[in-house]
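Visitor: I have a model open and want a quick tour. Can you take my questions as they come?

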Amino acid sequence: LKRTIVVSLAALILVALRRQALLLDRSLPRWTADNLDGEDHRPSRSSVSSLLRQKNNATPARRKWAYAFVVGGCSRNKPEYRGFIWNIAVAAQVLQEAGSQADVVALIQMSARTNETALPENESKLLEAMNVKIEYIPKFSSMIHEVFYTLMLEKFRILQMTQYSRVIFMDGDVMPLCSLDYLFELSEPEYGEPLLKDNIVISYSNQPAHGGFFMLRPQEGDYEKIQQIIKVTEEKALSLPPFEHWDEVEGWGHKIESPDRWMSSISKYTSTNWSWHGVHADQGLLYHWTKYVKQSVTLIINYQVQNWGSENGTSVMEKAFMNYRPNDTINVASCRTSQNAPYTDFRHFTGRGKPWQQNYTHYKTASGETSQSREEVTKTFDQLVSSLNGEVRNNKEFDGKKLLSAFMQMVPPQGKEAKTPVHEEKGNVLSHSDRAYVKWFSALDKVQRLSGVNITLPRYLGRNLAKGPPVGTYPKFKERIRHIRWKVENGWNPYVKEESLKR
């Protein structure tokens, strides 16, 4: 009888252990290999076990996630927006191939210059083939409102997406290099305590908030609340002196006082003034909203991670830790081998460096001569795209140097010194900078095959699509104050009559 009791107890303990192991397995992030080099970068289960200790009485979280993009100024007569549509399809393909479980949503704003109410059929077909959910947001009533400043504020429409518990926003020229679902997991694990806060903001070179990549938690009433903050700040701008019409002390409504101060990725850029790049637009409002209004944000500042919460109605830093070593909190969860996640898990094609804006026959070699003819460049670049899938890598006729030469002609000069990205000629190996471009074109090739939509890239059209974004350059104070004045004259409503999102 004693032996029977002991055996029964052992069996019950074994069942309980198996059940706990199953719960732990379900809560682990779904690691994916970096498809660029074909290597498996998944960390061992033991390396993440300390991050995923679960409570026995934990309750599953309500989890539904999405990646969101915004594209404005859409009109058949101004094709500059189309590259951003292509990029959303590319991003969706990369995420799906990497095993992402989140939805991809495109918020589309038709231009005030057109009577069109939707994208052309082939562009809708392209997105829908990649399971992208298309949402149309109200268009502006006048071209005076259709400027970069206003488009930057349209990003916060993701706060209306309350059907999701977390939304990662990416600019229309951002490409994920793998699945970024691990950020959702770290903020909202199925069981146990989260390691990151509801909202995630990363710093950039000289600013504390990167408006091109962030995560928010949408909640009922938040969109209306942030619109009120915008209105109050814009009303105040009318009484402030030109040229900026901006209050560097209180910014969007909060005076930063020492020892609190904002920090950027470059340590020398730090202050208590609201004075960084884009502070009067999305990059200032994002920082204000997450840190001082919601008071629940993880700030990732290069290798430093800060969790901010609330104490007696005041924003306070609850915890800070480093994310430098491969086995540190975020790096170990990253979908790639990295010492600086999530920065290294996406690529932002800023300025004229967007893949769809390139006319690579335009660029010259150091001697001033094109190293290959148009036909040769086209042929070798097609080889470059197919090489990523190993289709020509083992081909004896594959000429790596010739291929790299073609690619170097394609990539535009970047930065103040007008230098092209670094190219590493190690056999047939491309530099990390170049790989992002190759990955983009490879994904675009797959998107075309999956959707049945053929895309004519600018390399055959000249530089038609390389004139910049469809709504102008980065927010200008002059355009901002003119937009505000016209808003006042129209009862603070810059949109046409349709007020809500429609499918």
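Visitor: How many contacts beyond four places in sequence does the model have for residues 412–429?
Guide: The model has 37 of them for residues 412–429. Contact means heavy atoms within 4.5 Å. pLDDT stays under 50 over that stretch. pLDDT is the predictor's confidence in each residue, from 0 to 100. Where pLDDT is low, the predicted coordinates should not be read in detail.

Visitor: Which ground rules apply here?
Guide: This is a predicted model: local features need pLDDT of at least 70, side-chain atom pairs count only at pLDDT 80 or more, and totals for chains, interfaces and linings use all residues. Residues are numbered from 1 along each chain as its sequence is written, and side-chain values use heavy atoms, with hydrogens and water left out.

Visitor: What is the mean pLDDT of the chain?
Guide: The mean is 78, and 67% of the residues reach 70 or more. Residues 388–398 are another stretch where pLDDT stays under 50. The model has 17 contacts beyond four places in sequence for residues 388–398.

Visitor: How many helices and strands does the chain have?
Guide: There are 13 helices and 13 strands. These are DSSP runs, numbered from the N terminus: helices are H or I with at least four residues, strands are E with at least two.

Visitor: What order do the strands of the open sheet take?
Guide: The 9 strands run 3-2-1-4-7-6-10-11-12, with mixed pairing. Two strands pair if DSSP finds at least two bridges between them.

Visitor: Which strands stand at the edges?
Guide: Strand 3 (132–136) and strand 12 (314–322) do. Each has a single partner strand, so one side of each is left without a neighbour in the sheet. The twist averages 25° from one strand to the next. Axes are lines fitted to C-alpha atoms, for helices over the stretch in contact, and angles run from 0 to 180 degrees between N-to-C directions.

Visitor: What lies across strand 2 and strand 3?
Guide: Helix 4 (residues 121–129) does, at about 135° to strand 3.

Visitor: Which residue in strand 7 is the bridge partner of I200?
Guide: M215 is. Strand 6 (residues 199–202) and strand 7 (residues 213–216) run antiparallel, joined by 2 bridges.

Visitor: New topic. Which residues touch the most other members of the largest nonpolar core?
Guide: I108, L119, L127, I168, Y182 and W440, out of 64 residues in that core. Helix 3 (residues 82–97) gives the most, with 10 residues. A nonpolar core is a set of buried Ala, Val, Leu, Ile, Met, Phe, Trp, Tyr and Cys residues joined through side-chain atoms within 4.5 Å. Buried means under 20% relative accessible area, exposed over 50%, partly exposed in between (1.4 Å probe, protein chains only).

Visitor: What is I168 in contact with?
Guide: Beyond four places in sequence, its contacts include A66, Y67, L180, F184 and F213.

Visitor: How are W65 and F184 paired?
Guide: The two rings are stacked, 4.9 Å centre to centre with 20° between the planes. Rings of Phe, Tyr and Trp (its six-membered ring) pair if their centres lie within 6.5 Å; planes under 30 degrees apart count as stacked, over 60 as edge-to-face and the rest as tilted. W65 sits in strand 1 (residues 65–74) and F184 in helix 6 (residues 181–187), 119 residues apart. Both are buried.

Visitor: Why is the Y303 and Y324 pair edge-to-face?
Guide: Because the ring planes stand at 80°, with centres 4.9 Å apart. Y303 is partly exposed at 30% relative accessibility. Y324 is partly exposed too, at 43%.
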